[in-house]
Amino acid sequence: MVKNKSSSSEKLIASRKKIQDILQDENKEIKKLIIPNFQRPYEWDTDRVEQFVKDLEETFRNKKNDNFEYLIGNMVFYQINNECEIVDGQQRIITLGIIFYVLGEKEEDNKLLQLEFKTYSSLTEKNINQNKELIENFFKNYSNKNEFKDFLLKNVVVNILETYDLDFAFFLFDSHNSRGKPLDRKDLLKVHHIRLIKKEDERPILARKWESYEKVDDTQKDKLKEILQLLAVCRKAIRGELEGDDLIESDVYKEFLSEANEYHLNNYNQPPIFEEFEYDVKTNILKLKTKSLKTNLSSEKNDAERFLPFQIPQSIEGGEKFFYFVIKYFNLLSELEKTHKDIFNLFDKVSGSGNQYINSIYKPLLVLFYDKFGEENLKEFAFRLIIIFTYLRIDKIYVRKETMVNNFAKPYSDKIDLFKLIFLSYSTEVILNKLNDYIRFEVGDKDISETTGTARNFIYAWEHHKKDIFEILEKSGRKWINYEQQ
């Protein structure tokens, strides 16, 4: 029964179902249950599963009568043909499937054991095996297995929200998070763009690449979340829409929703492969010097990511082009951390909220500069930012997130709009000259040896660059006294 999609209420089928009826429609026809490829891996750890099983078993022992119902939350299904894709609820459904398997249910008798995975990661396999062993130990000497199994089928209930509209399914998920671990905003973003991919054969490839980017590294940072946050700050600042709270966490789902269905190269976003040009007005001849490429871009995949024709502030196209966009900037972040870690990650581990608000502006600025100009004068640019931010850090008792945005990332900023400076400047020399002027007229003399607390921590972070920074200060006519100069 396909509903008319003209209103939200007509898109939705809401019901409370027993586990044994979870896959039956209103005509008692059995539907196939799918874990779609946009879902994250099965992540419930042993603590979460142990608590889930204990809650079920305790409720079973204390149930008052055979008509007793135990609600385990909401689930959201997207119906397509005779299939149900799980938008919300996969962690509980997989765990219930493991329990039924341990209790001796046969696959042909229980539809939860016929669950089809469109994506199956090594993490999913590891957690399923680990939790299966835990549940086996729990029920090893359990005397009421059959009764408990009947309880699960007939007394455990779920609020099912089903829709034939995938966008509405995501809305329901976002509005009705249940007991399970919710997807975060970047997970919703992945779901949004996966369904818009036109090249079907690329869908699993791009989904796996996204998942590989999500892996937390040795520094305990989610690299994908970090690059989306950095890009969101750049984009909002260039548009003049950055707010203080964005420095803590921007809503990347809203920021990177698709704005167009088609994306074509135009005169402003050609591949950035040209380095210099010569134009002879007398003969009307144009000579373009290209940057060094390993080989033809169409065949050298290890080099091609750097030259994907995207820009940070551009409109976002849905589907594979968005994933290409992410690929480019994920690799750009990796390059920065590999070749310029000494300046890019300079303040990551510096304590103090004020220091981290500064870092939340500092790093996006380096990403924007590097994206536009590459290696050229990157360190010179970073050193000048350090001077400007250090002066703010020691000049104020507290550095608030609103202070950073209003001073450095707003049109008609109180100090200088650093993002617009990069975005609108045609060369690194122009940017450095503007920053030199700012330091000369806005940065005062200081005795930095007197700083304490988190301000001192900020200075400690760049002390191994002190020679370069003090040279810039001297050329600008500024005098900062440190310990060695006392």
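Asparagine 407 lies in helix H16 (residues 401-408) of this predicted model; helices are DSSP runs of H or I of at least four residues, numbered from the N terminus. Asparagine 407 is buried, its relative accessible area being 5% (buried means under 20%, with a 1.4 Å probe and protein chains only). Apart from residues up to four places away in sequence, asparagine 407 touches Leu392, Ser413, Asp414, Lys415 and Ile416, where contact means heavy atoms within 4.5 Å.

Threonine 428 belongs to helix H18 (residues 428-442) and is buried, with a relative accessible area of 0%. Beyond its neighbours within four places in sequence, threonine 428 contacts Phe369, Phe373, Glu376 and Asn377. The C-alpha atoms of threonine 428 and phenylalanine 373 are 7.2 Å apart, although 55 residues separate the two along the chain.

Two packed helices are described by the angle between their axes and the distance between the axes. Helix H9 (residues 223-239) packs against helix H12 (residues 320-339) at an angle of about 100°, with the axes 10 Å apart. H9 is therefore roughly perpendicular to H12, a term covering angles of 65 to 115 degrees. The contact involves Lys223, Leu224, Glu226, Ile227, Leu228, Leu230 and Leu231 of H9, and Phe325, Val326, Tyr329, Phe330, Leu333 and Glu337 of H12. Of the residues in this contact, ten are nonpolar, none polar and three charged (Ala, Val, Leu, Ile, Met, Phe, Trp, Tyr, Cys and Pro count as nonpolar, Asp, Glu, Lys and Arg as charged, and the others, Gly among them, as polar).

Residues are numbered from 1 along each chain as its sequence is written, and side-chain values use heavy atoms, leaving out hydrogens and water. Local features need pLDDT of at least 70 and side-chain atom pairs count only at pLDDT 80 or more, while totals for chains, interfaces and linings use all residues.

Terms used:
Helix = DSSP H or I, 4+ residues; strand = E, 2+ residues; numbered from the N terminus. Buried < 20%, exposed > 50% of the residue type's maximum accessible area, 1.4 Å probe, protein only. Axes fitted to C-alpha atoms, helices over the stretch in contact; angles between N-to-C directions. Parallel < 35°, antiparallel > 145°, perpendicular 65-115°, else oblique.
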